[in-house]
Amino acid sequence: MRAVLLALLVLTVVGCSPTDEPRIDDYRALGELRIAIRADAISYRVGEDGMTSGFEHDLLLALAESLGVPARFVVYPDAAR
């Protein structure tokens, strides 16, 4: 029984191969850091003056600045999307 399970496991692992292309594009090739974020009071919000802010927003802007690329936020209404 163990030999059969081991053989199935080996066949499963051997049958799986990594994809040739990465699923996420490299920020250097894109020339920008694309960020998927949801709008809420802590992560990302747009003030009455039209300025964006939030704890995660500010951290991600600092990351983009340290990487030397602009940040582009793609805002989703909820975490499920």
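His57 counts as buried because its relative accessibility is 4%, where buried means under 20% relative accessible area, exposed over 50% and partly exposed in between (1.4 Å probe, protein chains only). His57 is found in helix H3, residues 55-67. The model is predicted: local features need pLDDT of at least 70, side-chain atom pairs count only at pLDDT 80 or more, and totals for chains, interfaces and linings use all residues. Residues are numbered from 1 along each chain as its sequence is written, and side-chain values use heavy atoms, with hydrogens and water left out.

**Around His57**

- The side chains of His57 and Asp58 are joined by a polar contact of 3.1 Å. A polar contact is a pair of N or O atoms within 3.5 Å; within protein, one must be able to donate a hydrogen and the other to accept it, and residues adjacent in sequence count only if both atoms are side-chain atoms.
- Leaving aside residues up to four places away in sequence, His57 touches Ile37, Ser43, Tyr44, Thr52 and Phe73; contact means heavy atoms within 4.5 Å.

**Aromatic pair**

- One aromatic pair is found in a search of the whole structure. The ring centres of Tyr44 and Phe73 are 5.4 Å apart and the planes stand at 35°, so the pair is tilted.
- Rings of Phe, Tyr and Trp (its six-membered ring) pair if their centres lie within 6.5 Å; planes under 30 degrees apart count as stacked, over 60 as edge-to-face and the rest as tilted.
- The pair links distant parts of the chain, 29 residues apart: Tyr44 is in the loop between strand E1 (33-38) and strand E2 (45-46), and Phe73 is in strand E4 (residues 71-76).
- Both Tyr44 and Phe73 are buried.

**Salt bridges**

- The structure holds three salt bridges, each a side-chain nitrogen of Lys or Arg within 4 Å of a carboxyl oxygen of Asp or Glu.
- Glu32 and Arg34 meet through their side chains in a salt bridge of 2.8 Å, N to O.
- Glu32 also forms a salt bridge with Arg72, with the closest N and O atoms 3.0 Å apart. This pair links distant parts of the chain: Arg72 is in strand E4 and Glu32 in the loop between helix H2 (27-30) and E1, 40 residues apart.
- Glu32 counts as buried at 17% relative accessibility, Arg34 is partly exposed at 45%, and Arg72 is partly exposed at 37%.
- Asp40 and Arg38 form a salt bridge in which the closest N and O atoms are 3.6 Å apart. Asp40 is partly exposed at 25% relative accessibility, and Arg38 is partly exposed at 40%.

**Surface patch**

- Met1, Val4, Leu5 and Leu8 form a nonpolar patch on the surface, with about 460 Å² of accessible area together.
- Patches are made of residues with over 30% relative accessible area and no salt bridge; like charges are joined within 9 Å, and nonpolar side chains (Val, Leu, Ile, Met, Phe, Trp, Tyr) within 5 Å.
- Leu8 lies in helix H1, residues 2-15.

**Whole chain**

- The chain has three helices and four strands, being DSSP runs numbered from the N terminus (helices H or I, at least four residues; strands E, at least two).
- From the N terminus on, the elements run α-α-β-β-β-α-β.
- Of the 81 residues, 14% count as buried.
- The chain exposes about 6,800 Å², and carbon and sulfur atoms supply 60% of it. Accessible areas come from the Shrake-Rupley method with a 1.4 Å probe; for residues, only the protein chains shown count as cover.
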